[in-house]
Amino acid sequence: MKEKLKALKLSQFVVFDVETTGTDPQNDKMIEIAAIKYKDGEIFSQFSHLIDPGRKISEEISIITGIKNEDIKGKPDIDEILPEFIEFVSDLPLVGHNIDFDLGFLKAAIEDHDRILLLGSSRFYDTLLLSQIFFPVEVSNHRLSTLTEYFGFSSENMHRAYNDSAATGYLFLQIIERVLESSEDVIRKLTEVSGKSDLKYVKEFFNSAANYFLKTAFGRKIKTKERSYSISNILHALSEPSAEELEKISKEDINDKIFKPGGEISRQIKNFEYREEQHIMADKCSDAFRYDKILVSEAGTGVGKSFAYLIPSIIFTLLNKERVIVSTNTKNLQEQIFFKDLPVLHEMFNSTFKAVLLKGRNNYLCKARYERFLSRPDEYLSNDDYEKFLPLIYWAERTSTGDIEENNGFKIGFARFLWQRLASDKGFCSGKKCPKYNECYLQNIRKSAFKSDLVIINHSLLFSDMASENAVLGGYDRLIIDEAHNVESSATKYLGFEYNYFHVKNLVQRINYNNRQGIYVRIDKGSDWFKTDKSTISDLNGQLNEKGSNVLEQAKKTFDLATDKLITENSNGASGQFTNIRNRYRDIGEVFAFEKENTVLRFLYEELISILKRLDIIFNIEAEKNHEFDDLSGEIKSVIEQAEGVYESFTFFLNSNRENYVFWYDIAGSENREVLSLYAAPLDVSSILKNDLYDNMKTMIFTSATLTIENRFKYMLKKLGLSDYDEDRMETLMLGTPFDLQNQLQIIAPSYISSPKNPVVFESDVVQVLKLLCDDHDNGTLVLFTSYYQMNSVFKNIQNSFIKKERVISVQNKETSRTNLIKQFRSVRNSFLLGTDSFWEGIDVPGDALHTLVMTKLPFAVPTEPVVQARTEELEKNGIDSFMGYSVPETILKFKQGIGRLIRHREDHGIIMILDSRTVNTRWGAAFLNSLPVQPEIPRNFADLKRLLLK
């Protein structure tokens, strides 16, 4: 390692970290700084100081760092520390994790101290970006704590400067090892791309690595290809089932032999426990396949419903050679089925069936587009794009799926415009003409899906395929829908429309972005190859650029006029901070009351599309003769498809007098920047689903843990569009949980707590209960809210209690992902987690980490939400009480999802507290009580509640 580090000019380097009073270098101060000097890969010397920032440390920072105000009392200020630190660093390379943050504070301190004082180092390395590049798949995120845990580096008290420095140093050495194990090809690509950028933190690093590879090429075995990641989205059939195997699985009692105690599953899965409910559901699923039936099955937590439908599916497809499609609402469950459940069954059935994990087109990297970016990065990447693009390179050399969701180093949320230009795209795709056709991730997985026995998809792809008349999945008539309680909301979202200024801006950027990217510049360069049509192309291209600018300008004008109009109408003369506005409308004139401007915009869109199509014809003809134009021709087609999509949305909203659609607008932002978006959604999707999807199926299985209201399927059957099917074809099945909930679960529903209709007193009561749990209840607790405002307000009022007790409390926020919050909650004993809407379903925290679930308020939808409002109005118009006929049953479904978060395994025990007293104090509350798995205990006052918790 010593010689390798020397060749990389890293014989000595310094790793450093700072802890601060906040995140703004101009206003916040350092409270700790630490550095570790490495020599030949070993720790050589250390530097660490607490710092008096000249102000109090907030409670929040104390919780994060563990540094309290008494710790910094009497410590030196930064002016005393800086000269010593700068001398310690000297001119050595500086390494940090998210180094910009630490350098920002360091440079601000140097400026405040003495402008003559200079940092000697001029080489900086960021382990955050480097780890995103070289460890894109291995970890779920690239936080320092996650990476050190992955590498098995033990560092207590993370978020203290010295410990974080030590962890960063260890990580940096791991990155260097990974770099030196890489192929020359990938290092060359990283060097070439970063060399075109302004990324000083990686340019020199990759140059040094490339030089090392060049100098040592003769002394080692040359490696030109990266070893592929083991992740695959195909489970191959390694053999055909034998006649004996087919005979065995064709027996009517096959489910008994598989599921019974001592059966096939128990031989495959260690400690497998027989569940009668699972066995019953498997029998009913087999019948649904055998007799072309529709099965709707509510399966409680712990039933093991995925095995109950997967095993009959596998048996059916092996015997009948028909495909079965399995659709889930979330990609998490989709991947759990494919990567966790199916491998077990694949082994059990001797690898005789083939299964494929299939996602929507835009999940897959297009190799043709990607290699085009690699070949000319300065042409296709803006200054902002380089850092986003680099984490694709090492991954792209190793992935066998091309599924971007594998790559946790690529931040798609911050790089959507970049990914849009790299993802598989219908308009761009030239099919078999593409030189990368045989290597295409999308084409290969789709071809595999056509020939597979099981295809695991998600609801979004299911409805996309439905709308395109099976263009993606091909013909099939056996369908399983898991997480079926989400079918209506998923279909509503997919079949809806959205239109805003940024859709237009994104389109126009594809034409010309910063005068250096987009098809305008590429067409201009390409026209030099033409002889006869050069002037025609130049003329059309000039018109394209002009019309694109005109469309953007006119769209901005229209949106600005509409935004000003709507804000004025909703402000009622009030002034001050802008707040978000969401309103339903029935006629476009209520929003875009600008007929002249709309007519001009419509004309510009049509002209723009016309010019694009004329260019498409020319380049399509030229691409037939010269394949140099293949990708430009494809890019023009892609832009046409996007332009037609934006235009379709625009014209859709101009005609708002459509049956079965609800229209609304949303204005979000601040007083400096408001964004107006138009939305439309179908009022009722049940008839669409029945006519376009269900009527084409022979077998359908719908399953979820929440499909009944007070033990009846009637509401959900209507909601799903299944209520018109004959009873002899339709079967419902309600299966309870195999858990002993009477002994595992305690439900407490206090009657004394004020109604949420009295928010001030209600919040005070909630705070009192949570403080009681903090003081006297030493268990992991999840607290569910229905609004961010109330959650944050409660958090502020209970925060001090947790600090005094030294208990960890986390709250949902925009900076931290749900996955990371749950992971922290699992790992920290007796911690509290406060969450809103997304925490009501789809999270699994088994064992002691979650013992108490607090539901502060029944999760009623906001009545003014446009779709909710429109659906309740429709019911009232038909003489149906919308509260009992819609609001209550919808809330019960979500309520049951929340209840299901607690008991996930036989060993789990816990308490559910329902703090919304309307469940016990109103007549309609009985519907919620009747949906509970055990009878609640109802304390009449705070003292009763305390006794219940302490007994």
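In this predicted model, serine 90 touches Gly120 and Ser121, when residues up to four places away in sequence are not counted. Serine 90 lies in the loop that runs between α4 (78–89) and β4 (94–96), and with a relative accessible area of 35% the residue is partly exposed, because that value falls between the 20% below which a residue is called buried and the 50% above which it is called exposed. A sense of the distances spanned by the fold comes from pairing serine 90 with glutamate 244: the two residues are 154 residues apart along the chain, and their C-alpha atoms are separated by 76 Å.

From this loop we can turn to the chain as a whole. Along its principal axes the C-alpha trace of the protein chain spans about 80 × 80 × 75 Å, and the chain has 39 helices and 23 strands. The radius of gyration is 31 Å, close to the 30 Å that the globule rule gives for 951 residues, and the protein chain is therefore as compact as a globular protein of that length. Of the contacts in the protein chain with a separation of 6 or more, 77% are accounted for by residues 24 or more positions apart. Buried residues make up 56% of the 951 residues, while the protein chain exposes about 42,800 Å², of which carbon and sulfur atoms supply 47%. As for charge, the mean positions of the 119 positive and 137 negative charges are 2 Å apart.

How many of the residues of strand β7 are buried? In β7 (residues 294–299), 6 of the 6 residues are buried, so the strand is largely enclosed by the rest of the structure. In a regular strand the side chains alternate between the two faces of the sheet. Both faces of β7 are covered, with Ile294, Val296 and Glu298 buried on one side and Leu295, Ser297 and Ala299 buried on the other.

Conventions
Residues are numbered from 1 along each chain as its sequence is written. This is a predicted model: local features need pLDDT of at least 70, side-chain atom pairs count only at pLDDT 80 or more; totals for chains, interfaces and linings use all residues. Side-chain values use heavy atoms; hydrogens and water are left out. Helices (H or I, at least four residues) and strands (E, at least two) are DSSP runs, numbered from the N terminus. The radius of gyration is taken over C-alpha atoms; the globule rule is 2.2 Å times the number of residues to the power 0.38. Buried means under 20% relative accessible area, exposed over 50%, partly exposed in between (1.4 Å probe, protein chains only). Contact means heavy atoms within 4.5 Å. Accessible areas come from the Shrake-Rupley method with a 1.4 Å probe; for residues, only the protein chains shown count as cover. Lys and Arg count as positive and Asp and Glu as negative; His and the chain ends are not counted. The place of a charge is taken as NZ of Lys, CZ of Arg, CG of Asp or CD of Glu.
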